[in-house]
Amino acid sequence: MDLSSCNLNSQSLIRRFKALVKGWSSNPENNVDARIKKLERNLDDLDKNNGTTQESLRIKEEINQLYEFKTSMLRQKSRVNWSLQEDFWTHFSSLFSRVEQPISLGLGELQGPKLNEDEKHWLDRDISIEELDWAVKESPDDKAPRLDGLNIGCNKFLWRGIKEIIHKDIGIFTSSGVLPAGMNSSFLALIPKVASPSLVTNFRPISLINSSMKIFTKVLATRLYVLIQKLVGDN
């Protein structure tokens with residue numbers, strides 16, 4: 001299937017891609033458990049037929065790698081014991097609903113450096129395809145993905161087919177000030193801080209953000225970096 005030919009927005013394209021991944025994973029050749037069983041059968045046959053030691057070691061190494069991959073996937077899919085649900089809700093909802101009091105710095109009418117009109121226009125200009133290309137290239141592949149499991153690495157793999165769609169979505173925001181539905185949505189995930197967590201406080205929350213939003217904010221941060229030294233001192 002040629003994703004680049006699909007007349008879809010980014011969210012619809014991601015859903016289409018997830019369906020393709022699901023179909024790929026259902027193929028026995030791509031199923032981890034099936035591959036492990038096949039390799040173990042090959043190893044048994046090799047032992048019965050007095051196969052070479054080098055081939056035996058290669059198969060054992062591949063089996064170990066697949067078991068490590070399976071363990072990693074199971075760890076990601078693990079969920080918090082539901083008996084702690086109420087404690088988690090109480091603890092973390094209080095953290096995120098807390099209203100901080102504004103801090104007065106007592107600076108009065110202090111005037112700092114300002115951007116000129118050309119600099120303001122440079123910051124406000126439309127985001128180009130080249131800026132998105134750079135942001136994707138410079139982003140690490142293995143940053144925490146959203147709950148759908150698609151990280152920047154997936155975006156890089158699909159980039160030729162989806163960059164025009166993401167550029168269009170971002171263009172909607174820069175022209176109207178309104179982000180496309182779902183682009184700025186996020187999910188909170190709880191990460192264990194210790195090996196065997198048993199208390200609510202043994203977890204820390206992280207926010208899982210859309211990869212397209214990470215790309216967008218990286219472009220904005222890069223633009224700000226160019227001019228920030230004019231506004232903020234080194235100290």
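This is a short tour of a predicted model, stop by stop.

**Before you start**

Residues are numbered from 1 along each chain as its sequence is written.

**Stop 1: the whole chain**

Show the protein chain as a cartoon. From the N terminus on, the order is α-α-α-α-α-α-α-β-β-α. Of the 235 residues, 24% count as buried. Buried means under 20% relative accessible area, exposed means over 50%, and partly exposed lies in between (1.4 Å probe, protein chains only). Now think about contacts, meaning heavy atoms within 4.5 Å. Among those between residues at least 6 apart in sequence, 62% join residues at least 24 apart.

**Stop 2: colour by confidence**

Colour by pLDDT, the predictor's confidence in each residue, from 0 to 100. The chain averages 77, and 72% of the residues score at least 70. Select helix H6 (residues 129-138): confidence is highest here, at a mean of 93. Then select helix H4 (residues 85-96), where confidence is lowest, at a mean of 66. Next, pick residues 1-7. Their pLDDT stays under 50, and the model gives them 13 contacts beyond four places in sequence. Residues 79-83 also stay under 50, with three such contacts. Where pLDDT is low, the predicted coordinates should not be read in detail.

**Stop 3: helix H7**

Select residues 152-176. This is H7, with 25 residues. How far apart are its end C-alpha atoms? They are only 26 Å apart, short of the 36 Å that a straight helix would reach at 1.5 Å a residue. That expected span is 1.5 Å times one less than the number of residues. Where does H7 bend? Click on Trp 159: the bend there is about 95°. The bend is the angle between axes fitted to the seven residues ending there and the seven starting there.

Go back to the start of H7. A side-chain oxygen of Asn 151 reaches to within 3.0 Å of the backbone nitrogen of Gly 153. Now show the buried residues of H7, including Leu 158, Trp 159, Ile 162, Ile 165, Ile 166 and Asp 169.

**Stop 4: an aromatic pair**

Rings of Phe, Tyr and Trp (its six-membered ring) pair if their centres lie within 6.5 Å; planes under 30 degrees apart count as stacked, over 60 as edge-to-face and the rest as tilted. The count comes to one aromatic pair. Select Phe 173 and Phe 216: they are edge-to-face, 5.4 Å centre to centre, with 75° between the planes. Phe 173 is in H7 and Phe 216 in helix H8 (residues 211-231), 43 residues apart. Phe 173 counts as partly exposed because its relative accessibility is 26%. Phe 216 is buried, at 2%.

**Stop 5: Arg 223**

Stay in H8 and select Arg 223. Buried or exposed? Arg 223 counts as buried, because its relative accessibility is 4%. A polar contact of 2.7 Å joins its side chain to that of Glu 131. Such a contact is a pair of N or O atoms within 3.5 Å; within protein, one must be able to donate a hydrogen and the other to accept it, and residues adjacent in sequence count only if both atoms are side-chain atoms.

Note on methods:
This is a predicted model: local features need pLDDT of at least 70, side-chain atom pairs count only at pLDDT 80 or more; totals for chains, interfaces and linings use all residues. Side-chain values use heavy atoms; hydrogens and water are left out. Helices (H or I, at least four residues) and strands (E, at least two) are DSSP runs, numbered from the N terminus.
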